[in-house]
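Please look through the sequence and the structure before reading on.

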Amino acid sequence: MLSKKTKYGIKALSYMAKQPEHKPVQTSEIARSQNISQKFLESILLELRKSGFLGAKKGKGGGYYLIKEPEEIKMTSVIRVLEGPIAMVPCVSLNYYEKCSDCPSEEKCSVHALMIQVRDSTLKILGDNTLADLAVKE
């Protein structure tokens with residue numbers, strides 16, 4: 001299940017993607033328009049800034065803004081920053097692989113085989129969608 005942190009992060013990024021010419025947006029404006037706790041949103045936006053998705057401008061007319069074009073921001077990248085691994089179990093993760101302690105053989109494990117299919121389908125959907133795609137749908 002997607003965490004509220006990730007859901008709110010995607011909503012905030014989508015809101016910023018609709019701003020003309022990467023105009024900075026104040027946290028309070030995003031929080032109000034998207035019905036998100038401002039304090040929680042501030043921590044999410046800070047994480048997105050540290051990860052290279054956002055820039056910040058202080059002072060009058062300041063706020064957060066997208067560093068890249070919305071077409072360049074794939075949902076796989078956003079999910080990995082905010083949520084962590086996309087795979088449901090660590091033994092099929094491409095970036096966070098860990099062998100399962102209870103499984104003697106990944107090749108013979110029915111859960112492993114199923115989760116590879118789930119991972120691949122999820123990666124395809126998230127990889128085929130950018131922030132621009134989400135901003136258009138709202």
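## Order of elements

From the N terminus on, the elements run α-α-α-β-β-α-α-α. The protein thus shows 6 helices and 2 strands, where helices (H or I, at least four residues) and strands (E, at least two) are DSSP runs numbered from the N terminus.

The model is predicted: local features need pLDDT of at least 70, side-chain atom pairs count only at pLDDT 80 or more, and totals for chains, interfaces and linings use all residues. Residues are numbered from 1 along each chain as its sequence is written, and side-chain values use heavy atoms, without hydrogens or water.

## Extent and burial

The C-alpha trace spans about 60 × 25 × 25 Å along its principal axes. Of the 138 residues, 41% count as buried (under 20% relative accessible area, 1.4 Å probe, protein chains only).

Among contacts (heavy atoms within 4.5 Å) with a separation of 6 or more, 60% join residues 24 or more positions apart.

## The largest pocket

A pocket is an open set of points on a 1 Å grid where a 1.4 Å probe fits, with protein on both sides within 12 Å along at least five of seven lines; lining residues have an atom within 4 Å of a point. The largest pocket has a volume of about 240 Å³, the space filled by probe spheres set on the points.

Its lining includes Met1, Leu2, Ile79, Glu83, Arg119 and Leu126. Helix α5 (residues 110–128) supplies the largest share, 4 residues. By class, the lining has 9 nonpolar, 1 polar and 2 charged residues.

Key:
Ala, Val, Leu, Ile, Met, Phe, Trp, Tyr, Cys and Pro count as nonpolar, Asp, Glu, Lys and Arg as charged, and the others, Gly among them, as polar. Buried means under 20% relative accessible area, exposed over 50%, partly exposed in between (1.4 Å probe, protein chains only).
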